[in-house]
Amino acid sequence: MALGSCHTCIKYLMFAFNFLFWLLGCAMLGVGIWLLVSDDFTKYSDADDSLSFIYTGAYILVAIGGLIMIIGFLGCCGAIRESQCMLGCFFFLLFIIFAVLLGAGIWAVISKDEVRSIVKEVLDKQIERACDPKEPNSKSLNFLNHVQEQFQCCGVNGIIDYKDFVSCNASKSEPCVALNINNGCLDKASAWFEQNILIVAGVAIGIAVVLILGMIFSIVLCCAIRDIQA
């Protein structure tokens, strides 16, 4: 027996929602892959284990993006075929992603306050490695040069951080020579990370809220199919 006009409308709205949901999964998968291959991010994440969360976040995006593509396809099939089983599976999987995204967004907002201490720890460690008089670390030197050039800053709090490393090549980069001695990287790098974390958190929470709409559509459509088949 066919669905009523109202439920038929919900059926096609859900189909449209899942098509957009599938496109969202493609976008998340693409962003995750871009993060994994982007030089700007790998220069940070490869330099210190404290920044490995960049890679972790990228792999999470790839995994969730791929899963969303599969779930979106499942939702489309369930809506068109009017399958209670598919719609039930769709709701269950959607709820899991909703919980994960909401939790990740909240965690990102809470962990934002720890960014400054992590950035300071990383910069201090990289200066020690890059300016080691016995065996300077070339990777740490490249990392410092990249940070200092990108944010137009010098050291953690200024060129004073290199006072015990007068021969260190990092202290001879253009920003350290041309800029004010108090123009450190800590504030600028921390602000950059905090801004991007908030963007990620906002997107994750926003998507989680949109998923509520998909769950409502699936419940209403599933109940309508059940009533008609009863």
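Here are some questions and answers about this protein.

Mentor: Ground rules to start with: this is a predicted model, where local features need pLDDT of at least 70, side-chain atom pairs count only at pLDDT 80 or more, and totals for chains, interfaces and linings use all residues. Residues are numbered from 1 along each chain as its sequence is written, and side-chain values use heavy atoms, with hydrogens and water left out.

Trainee: What pattern does the protein follow along the sequence?
Mentor: Helices (H or I, at least four residues) and strands (E, at least two) are DSSP runs, numbered from the N terminus. The count here is eight helices and zero strands. Read in order, that gives α-α-α-α-α-α-α-α.

Trainee: What percentage of the residues count as buried?
Mentor: Buried means under 20% relative accessible area, exposed means over 50%, and partly exposed is in between (1.4 Å probe, protein chains only). Out of 230 residues, the buried share is 39%.

Trainee: Which kind of aromatic pair do Phe-151 and Trp-192 form?
Mentor: Rings of Phe, Tyr and Trp (its six-membered ring) pair if their centres lie within 6.5 Å; planes under 30 degrees apart are stacked, over 60 edge-to-face, and the rest tilted. Phe-151 and Trp-192 sit 6.1 Å centre to centre, with 70 degrees between the planes, making the pair edge-to-face.

Trainee: How many residues apart in sequence are the parts that this pair ties together?
Mentor: Phe-151, at 12% relative accessible area, is buried, while Trp-192, at 22%, is partly exposed. Phe-151 is in helix H6 (residues 138-151) and Trp-192 in helix H8 (residues 186-229), so the parts tied together are apart in sequence by 41 residues.

Trainee: Which helix gives the most to the nonpolar patch?
Mentor: Such patches take nonpolar side chains (Val, Leu, Ile, Met, Phe, Trp, Tyr) joined within 5 Å, from residues with over 30% relative accessible area and no salt bridge; a salt bridge is a side-chain nitrogen of Lys or Arg within 4 Å of a carboxyl oxygen of Asp or Glu. This patch, about 520 Å², is made by Phe-19, Leu-20, Trp-22, Leu-23 and Phe-73. With four residues, the top contributor is helix H1 (residues 5-37).

Methods:
Patches are made of residues with over 30% relative accessible area and no salt bridge: like charges are joined within 9 Å, nonpolar side chains (Val, Leu, Ile, Met, Phe, Trp, Tyr) within 5 Å. Accessible areas come from the Shrake-Rupley method with a 1.4 Å probe; for residues, only the protein chains shown count as cover.
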